Amino acid sequence: MKRPILIHPDPRLKKVAAPVEDISDELRKLSDDMLETMYDAPGIGLAAPQIGILQRLIVLDCVKEEGETPRPLVMFNPEIVAASDETSVYEEGCLSIPEQYAEVTRPAEVTVRWMDRDGNAQEESFDKLWATCVQHEIDHLEGKLFIDYVSPMRRQMITRKSQKLKRERARG
Ligand SMILES: [Zn+2]
């Protein structure tokens, strides 16, 4: 089932999400819904706070090439345990800030530890787009958005545009 995505500004996007204690069927269903919502948008990542659920859960799939096998990842309580000194710059966007993009500098490679849908501990290193995406999604669990990395002036401008788009969508 597709879930509505919150649009910035929204106080729920600024909150710190709570750790997941144990992975219930309800949470597994939620992760399925999040993947469906993400693919439909379309997007390459989605964090639970973006659909108003303040729990530490993200989904991502950065396989974008036509004909390549999708790789949906579901991460409960994801944590960055190592980050490279080397950085990379990507033009980021966000399903909660439609049509707005900004260049963000982040570590080029990160090692992430998480719990999968079956409650098993996983650890993997990510680079390129995957590294950027997983960091962007984990930021959401801290109430942090990609626009928090740009200048205050730029942030205000993006927020105004997002607010306008949100009002237009609410009007229908
Ligand atoms: Zn986002």
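**Helix α1 and its surroundings**

Modeller: The buried residues of α1 pack against β1 (45–47), β2 (57–60) and β3 (73–83), where contact means heavy atoms within 4.5 Å, and helices (H or I, at least four residues) and strands (E, at least two) are DSSP runs, numbered from the N terminus. This is a predicted model, in which local features need pLDDT of at least 70, side-chain atom pairs count only at pLDDT 80 or more, and totals for chains, interfaces and linings use all residues. Residues are numbered from 1 along each chain as its sequence is written, and side-chain values use heavy atoms, with hydrogens and water left out.

Colleague: Which residues of α1 are the buried ones?

Modeller: An α-helix has 3.6 residues a turn, so residues three or four places apart point the same way. In α1 the buried residues (under 20% relative accessible area, with exposed over 50% and partly exposed in between, using a 1.4 Å probe and protein chains only) are Leu-27, Leu-30, Ser-31, Asp-33, Met-34, Leu-35, Thr-37 and Met-38.

Colleague: What pattern does the protein chain follow along the sequence?

Modeller: With three helices and seven strands, the protein chain reads α-β-β-β-β-β-β-β-α-α.

Colleague: How much of the protein chain counts as buried?

Modeller: Of its 172 residues, 42% count as buried. Among contacts in the protein chain between residues at least 6 apart in sequence, 65% join residues at least 24 apart.
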